[in-house]
Amino acid sequence: MSDVVVLTDVSDRIGTVTMHRPEARNALNSALRSALPEALLAMEADDDVDVIVLTGTDPAFCAGLDLKELGAGGNRLAPDPDADPVVNTPWPVLTKPVIGAVNGVAITGGFELALNCSFLVASEHARFADTHARVGVMPGWGLTVLLPQAVGVRRAREMSLTGNFMGAEEALAFGLVNHVVPHDELIPFTRSIATDIAGNDQHGVRRMLETYAATTGTTIDDGWKVEARMAREWQSQRFDPAEVERRRQAIIDRGRTQV
């Protein structure tokens, strides 16, 4: 088993970051949670990169937190209560666009990774679900802010309260993703959009992203602070790794009936 959990590539002014734990459907263990922001920050600092593509090694985009590690108490969830800033994000604020190329399931924390991208292109195999309530954890990467922005608050509530999956075509209909393409065309299609972006004035592109962030509140809105506070409270008062471990197989089995 490889110790490399993130693959990177730079070509034609496009940086590709690939989550690489295929045997665990790219579940977010501690190593991946550490390596992913480091890889994205490296792309941010690379003058040969104008656009970033985030994807996963097949068959999944990201299956969320590694429940095995979480159940053993080895994957801390809530942000450090003494950390600054209070708002928690899966990666530091970037000035370059991040296009999510969703090649398979994007679940819970993996769903939050997708939501934090500038926009999404989905394979026909893509599936989305918020299973925080199934696991007994709370979102901490902006899901309760970003999901309602994407699909509306009532649809977002349904997804979060049921934990049910949304398929690629339904995600397109509700505005969660911008495009759905055949699986084999996902990366070429996404790169074609990235090429269009890279061909523009890059100062203008980055200022446009900054303006969207300010007007939609994706990085500074009070909702992020509320979510972070409630996640910390849940982590300190209600979260029990033993309960996650007890529920883990039932969560996996239920998910398999819906994918």
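**Entry 1. Conventions**

I take buried to mean under 20% relative accessible area, exposed over 50%, and partly exposed in between, with a 1.4 Å probe and protein chains only. By that rule I record Asp-50 as buried, because its relative accessibility is 6%. I note that this is a predicted model, in which local features need pLDDT of at least 70 and side-chain atom pairs count only at pLDDT 80 or more, while totals for chains, interfaces and linings use all residues. Residues are numbered from 1 along each chain as its sequence is written, and side-chain values use heavy atoms, with hydrogens and water left out. I take helices (H or I, at least four residues) and strands (E, at least two) as DSSP runs numbered from the N terminus.

**Entry 2. Salt bridges**

I searched the whole structure for salt bridges, each being a side-chain nitrogen of Lys or Arg within 4 Å of a carboxyl oxygen of Asp or Glu. The search returned seven.

I looked up the bridge between Asp-66 and Arg-21, and found their closest N and O atoms 3.1 Å apart. This pair links distant parts of the chain, 45 residues apart. Asp-66 lies in the loop between β3 (51–56) and α2 (67–71), and Arg-21 in the loop between β2 (14–19) and α1 (30–45). I list both Asp-66 and Arg-21 as buried.

I then turned to Arg-206 and Asp-50, whose side chains form a salt bridge at 3.5 Å, N to O. Here the partners are 156 residues apart: Arg-206 belongs to helix α9 (residues 202–216), and Asp-50 to the loop between α1 and β3. Which class of accessibility does Arg-206 have? Arg-206 is partly exposed, because its relative accessible area is 26%.

Next I looked at Arg-155 and Glu-158, which meet in a salt bridge at 3.9 Å, N to O. Both residues sit in helix α6 (residues 153–162), and because they are three residues apart there, about one helical turn separates them. I classed Arg-155 as partly exposed at 23% relative accessibility, and Glu-158 as partly exposed with a relative accessible area of 43%. I also recorded that salt bridges with shared partners join Arg-13, Asp-50 and Arg-206 into one network.

**Entry 3. Aromatic rings**

I paired rings of Phe, Tyr and Trp (its six-membered ring) if their centres lie within 6.5 Å; planes under 30 degrees apart count as stacked, over 60 as edge-to-face and the rest as tilted. The count came to one aromatic pair. Phe-111 and Phe-128 are both buried.

**Entry 4. The sheet containing β7**

I counted two strands as paired if DSSP finds at least two bridges between them. In what order do the three strands of the open sheet lie? The order is β5-β7-β8, with mixed pairing. The edge strands β5 (105–107) and β8 (166–167) each pair on one side only. β5 and β7 run parallel and are joined by three bridges. I looked up Val-105 and found its bridge partner in β7 to be Arg-127.

**Entry 5. Leu-67**

I located Leu-67 in helix α2. I classed Leu-67 as buried because its relative accessible area is 15%. The C-alpha atoms of Leu-67 and Asn-29 are separated by 8.5 Å, although the two residues are 38 apart along the chain.
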